[in-house]
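Work through these exercises with the structure open beside you. Try each task before you read its solution.

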Amino acid sequence: MAEQQQCLEETANATYEAALERSKKLEADIAAHPERHRVLTGDRPTGRLHIGHYFGSLQNRVRLAKLGVPTCILIADYQVLTDHDAYTEIAQNTKQLVIDYLAAGIEPSDTVIIYPHSYVPEANQLMLPFLTLVSNAELNRNPTVKEEIQAAGLKSVNAGMYTYPVHQACDILFCKGDVVPVGKDQLPHLELTRTIARRFNERFSPQKPVFPEPQALLSKTPSILGLDGSQKMSKSRGNAIMLSASEDETAALIKKAKTDADRHITYDPVHRPEVANLLMLISLCTGEEPELIAERIGDGGGGMLKKLLTEALNETLRPLRTKRRELETQPDYIKSVLLDGAEKARALAVKTLDEVRAAMNMVI
């Protein structure tokens with residue numbers, strides 16, 4: 001059993017190293033030829049976004065859009081139904097996501113669109129042909145789905161959760177997205193999308209491939225822990241600072257953040273993860289290396305560490321929060337962003353679906 005586990009870990013590491021190498025090459029090509037690519041990214045509307053989202057993904061989306069990369073930002077509203085009962089809040093959460101996006105600096109345009117996938121039926125029509133290209137065994141093996149089932153505490157798994165990776169393939173491939181910003185934990189999902197694209201092309205259109213095999217653009221931001229210092233930041237775990245929080249609320253949350261008993265501050269992610277996480281958050285705000293921040297605090301202890309983080313985070317988020325308050329008063333504009341994005345997404349989906357029908361000899 002130990003040898004089998006070691007073999008699995010070695011395989012995962014090899015896969016990650018290969019993905020990392022592809023990611024570096026992809027990053028270089030994006031910088032040189034942004035117009036050749038299309039980014040597909042997004043979130044499920046389960047609540048407002050927090051600072052983990054901001055540093056982990058929103059800043060990168062803004063960067064890619066400013067480089068000139070066509071960008072589709074998906075709000076995966078159907079996928080909320082797989083493991084959440086809060087369907088009554090989906091519409092409101094969707095609008096709050098848009099407000100977070102716009103406040104963070106994402107600017108909708110002809111090449112940057114924001115849309116809910118329930119408004120793009122043509123993309124969801126890809127689900128049936130895609131399901132014929134994967135086996136039950138492959139879905140059973142997907143580690144990301146297993147982790148999500150465990151995290152959600154599900155005792156019975158609905159088919160929507162089971163086929164979640166295939167639905168995600170529809171979300172990526174309908175617009176022929178070839179760049180998918182992800183973290184290491186999402187690689188198995190993306191690998192299945194690559195497999196589906198490859199199998200579709202080989203089976204139905206070997207001479208003229210319909211779909212690209214999307215590449216992972218791996219995040220350069222370290223994993224951000226919650227204020228408990230032990231788990232990934234998440235609203236459901238009560239360890240997050242929301243982008244919509246006030247400065248006073250932010251200060252109160254940071255004051256409760258977990259540190260340790262050693263007053264002398266050092267940057268040691270292995271032995272002092274709670275302290276290291278707070279130092280890293282300051283670093284993300286200021287650009288200063290966490291080791292240097294730790295040296296500067298020295299014997300100032302957790303109190304000084306939390307004070308510096310509160311000041312740095314509130315200063316960094318102040319423009320975003322100001323913009324966010326303005327957008328909260330513009331519901332008609334938020335709705336127009338979504339509807340305009342859905343219209344543009346449908347145009348892409350119709351074109352792709354026409355190609356899919358032609359490849360499968362279904363044009364009448």
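**Exercise 1. Which element gives the largest share of the lining of the largest cavity?**

Start with the ground rules. This is a predicted model, where local features need pLDDT of at least 70, side-chain atom pairs count only at pLDDT 80 or more, and totals for chains, interfaces and linings use all residues. Residues are numbered from 1 along each chain as its sequence is written, and side-chain values use heavy atoms, leaving out hydrogens and water.

Step 1. Count the cavities. A cavity is a set of points, on a 1 Å grid over the protein atoms alone, where a 1.4 Å probe fits but cannot get out. The search of the whole structure finds 1 cavity of 30 Å³ or more.

Step 2. Take the volume, the space filled by probe spheres set on the points, with points joined across faces, edges and corners. The largest cavity holds about 50 Å³.

Step 3. List the lining residues, which have an atom within 4 Å of a point. They are Thr15, Ala19, Arg22, Leu187, Leu190, Glu191, Arg194 and Ala216.

Step 4. Assign them to elements. Helices are DSSP runs (H or I, at least four residues), numbered from the N terminus. Two or more lining residues come from each of α1 (2-32) and α10 (187-204). The largest share, 4 residues, belongs to α10.

Step 5. Sort by class. Ala, Val, Leu, Ile, Met, Phe, Trp, Tyr, Cys and Pro count as nonpolar, Asp, Glu, Lys and Arg as charged, and the others, Gly among them, as polar. The lining has 4 nonpolar, 1 polar and 3 charged residues.

**Exercise 2. Describe how α9 packs on α10.**

Step 1. Find the geometry. Axes are lines fitted to C-alpha atoms, for helices over the stretch in contact, and angles run from 0 to 180 degrees between N-to-C directions. Helix α9 (residues 164-173) and α10 pack at about 65°, with axes 9 Å apart.

Step 2. Name the arrangement. That angle makes α9 roughly perpendicular to α10 (65 to 115 degrees).

Step 3. Find the contact (heavy atoms within 4.5 Å). On α9, the residues include Tyr164, Ile172 and Leu173; on α10, they include His189, Leu190 and Ile196.

Step 4. Sort them. This contact has 10 nonpolar, 3 polar and no charged residues.

**Exercise 3. Describe how α11 meets α14.**

Step 1. Locate both. Helix α11 covers residues 247-255 and helix α14 covers residues 301-328. Their axes come within 10 Å and cross at roughly 150°.

Step 2. Name the arrangement. This makes α11 roughly antiparallel to α14 (over 145 degrees).

Step 3. List partners. Among them are Glu247 and Lys255 of α11, and Arg318 and Arg321 of α14.

Step 4. Sort them. The classes are 4 nonpolar, 3 polar and 5 charged.

Definitions and conventions:
Parallel < 35°, antiparallel > 145°, perpendicular 65-115°, else oblique. 1 Å grid on protein atoms, 1.4 Å probe; cavity = no way out; pocket = protein on both sides within 12 Å on 5 of 7 lines; lining within 4 Å.
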